[in-house]
Amino acid sequence: MKQNINWYPGHMAKAKKSLSENLFLIDIVIEIVDARIPISSKNPDIENFAVNKLKILVLNKSDLVDEKFTRASVNFFNGYNCVPVDSISGKGFNEIKRMINKFADEKREKLKKRGRIFSPVRIMVLGIPNVGKSTFINKFVGKKIAKAADKPGVTLSKQWIKICKDVELLDTPGILWPKFDNEQIALNLAFTGAIKDTNLNLYEIALKLIEKLNSIDKNILKCRYGIEKKNAAEELADISKKRGFVKKSGELDLDRAAIILLDEFRGGKLGKIFLDDLLDKRKSLCHHIVI
């Protein structure tokens, strides 16, 4: 059954307008995507925002993906300054800082030749909800400044963060694009939590996730839950039985099983899983977006 997943609340439209108004202040745009779905989580609108800016593409949560897929993603985005990052451990941050310092040195030299005083390098951090922007910023700054949580919509307004005397950073709310006309991209965003669970039928999303996981490796769910491959509904029921999710009426609590399955996938407990299809390059990049 095709899922009708659309999500573009008022605060996102307002944030998009605000970003456009602040772009003239920005030198560098850092776009953060989820390394598990780097194509699905890359917002095509950001290309329009970031014209004539130094762009750095961060593959965040790379610890949740097998390295061979991370390398494939870097090759796929070969026209970008693409850096795999783990915002918990700090992996990849030295490379990002190297790029920023190089840009700052070049900017300083250009201004000096024109007889102008150096102004701080200003960085804008962009990304769709729940790709880990706040965790990235906190690690980048070295202290907890931005609010972080494993759910979308935590950052609701822009905020300037001073990194040092030469670098300032603008944190922004996560922005999704207005309409998803590609079901698998919409589902990938739902699987990873980019779309609020309150806007979804979690039972149906869990069934779709089971189908997707089985298409990748039929042993993923068997290894985690000790169940055999059947159809998605039967497998979710088996997960509910294995975990003892039963209502007072004696019925299986399938909604609770759906929530647990999604939570454990998002937390990496089902293994290192890559969802995007890098082979379907042109189709995936355009997203079939209707704006």
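**Ground rules**

I am working with a predicted model, in which local features need pLDDT of at least 70, side-chain atom pairs count only at pLDDT 80 or more, and totals for chains, interfaces and linings use all residues. Residues are numbered from 1 along each chain as its sequence is written, and side-chain values use heavy atoms, with hydrogens and water left out.

**Entry: strand β2**

I began with strand β2, residues 54–60, taking strands (E, at least two residues) and helices (H or I, at least four residues) as DSSP runs numbered from the N terminus. Five of its seven residues are buried, so β2 is largely enclosed by the rest of the structure; buried here means under 20% relative accessible area, while exposed means over 50% and partly exposed lies in between, with a 1.4 Å probe and protein chains only.

Next I looked up the partners of β2, where two strands pair if DSSP finds at least two bridges between them. Strand β1 (residues 28–34) runs parallel to β2 and is joined to it by seven bridges, with D34 standing opposite N60. Strand β3 (residues 81–84) also runs parallel to β2, through four bridges, and there L57 stands opposite C82.

I then followed the chain from β2 through helix α3 (residues 67–76) to β3, and found that the three make a right-handed β-α-β unit. Right-handed means that, with the strands pointing away from the viewer, the path from the first strand over the helix to the second runs clockwise.

**Entry: two residues with positive phi**

I noted K61, which lies in the loop between β2 and α3 and has a positive phi of about 65° although it is not a glycine. With a relative accessible area of 16%, K61 is buried. N130, found in the loop between β4 (121–126) and α5, likewise is not a glycine and has a positive phi of about 70°; at 10% relative accessibility N130 counts as buried. For background, most residues other than glycine have a negative phi.

**Entry: α4 with α5**

I looked up how helix α4 (residues 93–113) lies against helix α5 (residues 133–141), and their axes come within 11 Å and cross at roughly 75°. That makes α4 roughly perpendicular to α5, a word that covers angles of 65 to 115 degrees, whereas under 35 counts as roughly parallel, over 145 as roughly antiparallel and the rest as oblique. The axes are lines fitted to C-alpha atoms, for helices over the stretch in contact, and the angles run from 0 to 180 degrees between N-to-C directions. On the α4 side F93, I96, K97 and I100 meet F136, K139 and F140 of α5, contact being heavy atoms within 4.5 Å.

Y203, A206, L207, I210, E211 and N214 in α7 meet A232, A233, E235 and L236 in α9. The buried residues of α9, among them L236 and I239, pack against α7, α8 and α10.

Helix α10 (residues 254–266) has 13 residues and reaches 18 Å from its first C-alpha to its last, close to the 18 Å expected at 1.5 Å a residue; the expected span is 1.5 Å times one less than the number of residues. Its buried residues are A257, A258, L261, L262, E264, F265 and R266, and what covers them includes α6 (183–192), α7 (202–216), α8 (220–225) and α9 (232–243). Just after α10, G268 takes a positive phi of about 80°.

Within α10 I picked out E264, which counts as buried at 8% relative accessibility. Leaving aside its neighbours within four places in sequence, E264 is in contact with R224, Y225, R243, K269 and L270.

**Entry: F274**

Where does F274 have its place? I found F274 in the loop between α10 and α11 (281–286), and at 7% relative accessibility F274 counts as buried. Apart from neighbours within four places in sequence, F274 is in contact with A35, R36, P38, V65, F69, S73 and I216.
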